[in-house]
Amino acid sequence: MNAGKVAMVVSFVAVMAVSVLAAGKSSAAQGDVTTAVAGQKNVVHHGTWISFETSSAECSVCHAQLYAQWRFAAGSDLKTVGQGTNHAISSTEPVYKALFGAVDPTMQVYCRGCHESGNAWAVADKINDIPAPRTVNVEEGINCLVCHLDGKKIMGSRELQDPIFCASCHSEKSGLTDIYKEWLADYTGGKTCQQCHMEGGSHLFLGYNSPSYVKTAVAISEPVISGTVSAGSPFDIGFTLTNYGAGHSVPGDLLRLLRARVSIVDSSQQEIYSQETVYYKRHPAFGENQADTSVIKAGETKQVGVSGVVIASPGIYTVKIELLQDSNRMISTLSTTAFMGSTYRTIVVQ
Ligand code: HEC
Ligand code: HEC
Ligand code: HEC
Ligand code: HEC
Ligand code: HEC
């Protein structure tokens, strides 16, 4: 059999599978594939019938590479490689499950709107509102259909290039997530969400969970020591943090905690001093005042300093600046730490 024939057979089998599924679920007109399934219209796409009830695995027949990226995070350094991208595991990952189980049941429908979404295209005010939750293939999280089917038509690159689409779930009125609004207000670098997070059409959606990608967000200067450093007398350490690589604030999410850590080690690698400056988003849901939010906005440079540092004995020391980001500032047992970079300077104490 030649390749064209294989494709035809495969697509025929897929049509059959989808229509059997459709017939079984539709109470009206058994077996009539042109009838809407559970109130949602079917679309013919390259010979295959597609609806919101179609499983993403069916797309893999013809879009194998994109499916492997989305479903398994194949070929990436995401911490969830093998398990899937954040989009693919948004309804099944343990941290989500734990928090979801802990919130008030009346709140759960709200969580499901973004983590187990229905049609993202149906959201009229994407900046403030979120999609309605769905009830089929819930374990697929943010699946292919959520983004690519508006009910009547398969949406491709042309329709999906605008960052406003991402706002369906990455922006919401209370500020639970407001990455889109930050991109609009603060970012001047000229790139869209898609150009950074989907470079070359990738469906890996690299972000916080990629050890290589998270390092591209913030530049750390070398530590600057002011004054002559002599044993027993106080001196100051200064440095800057510049958000040059993210199109929005760092941290981007409410749960994250960014830590700029200054430490001094002696010649036997013993740490003799450490201090941290922390940055995070505040939210009333956590009893916090949003006005106290201290993030590094897109393009912003923060001056950071620690003063009155004293080293007791003469010798050679290393001053080290490290940038770390904890994933969950609320539940430390569920938190992991991302390394975002470091700089050093050697000092001689007289
Ligand atoms: C029978 C094979 C087949 C199946 C199954 C299939 N597609 Fe496609 N799809 C194609 C072909 C062929 C193209 C056109 C060439 C290309 O872009 O790869 C295409 C193009 C697309 C495009 C670009 C826009 C357009 O309409 O041209 C999108 C988006 C898309 N498919 C999404 C999906 C999704 C989501 C699924 C699963 C629900 C799916 N496809 C299932 C064959 C298929
Ligand atoms: C407006 C859409 C939206 C709503 C509503 C929402 N989330 Fe999320 N959630 C996100 C996005 C987007 C992320 C990824 C990080 C980011 O951009 O904020 C996320 C991340 C998370 C994470 C962190 C996963 C990790 O990688 O550490 C957890 C846990 C979580 N959400 C749980 C919940 C729970 C529980 C609810 C309901 C109380 C909820 N979310 C409601 C959009 C939403
Ligand atoms: C979170 C939303 C989202 C999810 C989930 C998603 N996509 Fe996409 N997809 C996009 C966006 C946005 C683009 C356009 C990217 C660009 O042009 O820069 C795109 C592009 C595509 C294209 C190329 C379209 C064209 O016109 O050439 C195909 C094919 C495609 N996606 C298939 C899939 C399949 C199959 C799945 C599931 C395995 C999937 N997508 C999951 C958002 C998504
Ligand atoms: C239907 C809702 C929805 C849409 C639309 C959507 N996302 Fe997401 N996205 C989420 C949720 C929910 C998460 C977090 C899942 C988790 O970790 O539990 C997420 C996670 C991410 C992450 C990974 C975050 C991390 O912590 O590393 C990136 C990057 C991302 N989205 C980018 C995009 C871009 C770019 C678009 C637009 C093309 C988009 N998303 C559209 C719901 C959505
Ligand atoms: C100039 C490139 C760039 C642009 C533009 C950009 N991002 Fe990001 N984004 C990054 C980098 C780098 C990170 C990793 C930094 C971090 O998470 O600390 C990131 C992180 C994220 C995260 C994870 C946040 C977290 O704490 O889990 C999400 C979600 C996200 N971006 C979504 C978006 C959306 C949606 C847009 C468009 C409104 C967008 N990004 C625009 C580069 C970009």
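## Basis and overall make-up

Because the model is predicted, local features are given where pLDDT is at least 70 and side-chain atom pairs count only at pLDDT 80 or more, while totals for chains, interfaces and linings use all residues. Residues are numbered from 1 along each chain as its sequence is written, and chains are lettered from A and ligands numbered from 1 in the order in which they are written.

The chain holds nine helices and ten strands; these are DSSP runs numbered from the N terminus, with helices (H or I) of at least four residues and strands (E) of at least two. Of the 350 residues, 32% are buried. A residue is termed buried if 20 or more other C-beta atoms lie within 10 Å of its own, exposed if 12 or fewer, and partly exposed in between, with C-beta atoms placed from the backbone. Among contacts with a separation of 6 or more, 62% join residues 24 or more positions apart; a contact requires C-beta atoms, placed from the backbone, within 7 Å.

## Nonpolar core

The largest nonpolar core has 60 residues, of which Ala120, Val214, Ala217, Val218, Val250, Ile296 and Met340 touch the most other members. Strand 6 (residues 257–265) gives this core its largest share, five residues. Domain 1 (3–206) and domain 2 (215–349) each contribute at least three residues to the core; the domain bounds come from an automatic or database domain assignment. Such a core is a set of buried Ala, Val, Leu, Ile, Met, Phe, Trp, Tyr and Cys residues joined through C-beta atoms within 7 Å.

Beyond its neighbours within four places in sequence, Val218 contacts Leu241, Thr242, Asn243, Val250, Ile296, Leu323, Met340 and Gly341.

Ile321 belongs to strand 9 (residues 315–326) and is buried because 22 other C-beta atoms lie within 10 Å. Its contacts, leaving aside neighbours within four places in sequence, are Ile220, Pro223, Phe239, Ala260, Val262, Ser342 and Thr343. Ser221 is 100 residues away from Ile321 along the chain, yet their C-alpha atoms are separated by 8.7 Å.

In helix 2 (residues 64–72), the buried residues are Tyr67, Gln69, Trp70 and Arg71.

The shell around a ligand comprises residues whose C-beta atom, placed from the backbone, lies within 6 Å of it. Ligand 1 has 18 such residues, and His46, Cys59, Cys62, Cys144 and Gly156 come nearest. Helix 5 supplies the largest share of this shell, three residues. By class, the shell around ligand 1 has eight nonpolar, nine polar and one charged; Ala, Val, Leu, Ile, Met, Phe, Trp, Tyr, Cys and Pro count as nonpolar, Asp, Glu, Lys and Arg as charged, and the others, Gly among them, as polar.

Around ligand 4 there are 25 residues, the closest being Ser90, Cys166, Cys169, Gly207 and Tyr208. Two or more residues come from each of helix 4 (105–115), helix 5 (144–148), helix 7 (167–170) and helix 9 (193–197). This shell around ligand 4 consists of 13 nonpolar, eleven polar and one charged.

Methods. Two residues are in contact if their C-beta atoms, placed from the backbone, lie within 7 Å.
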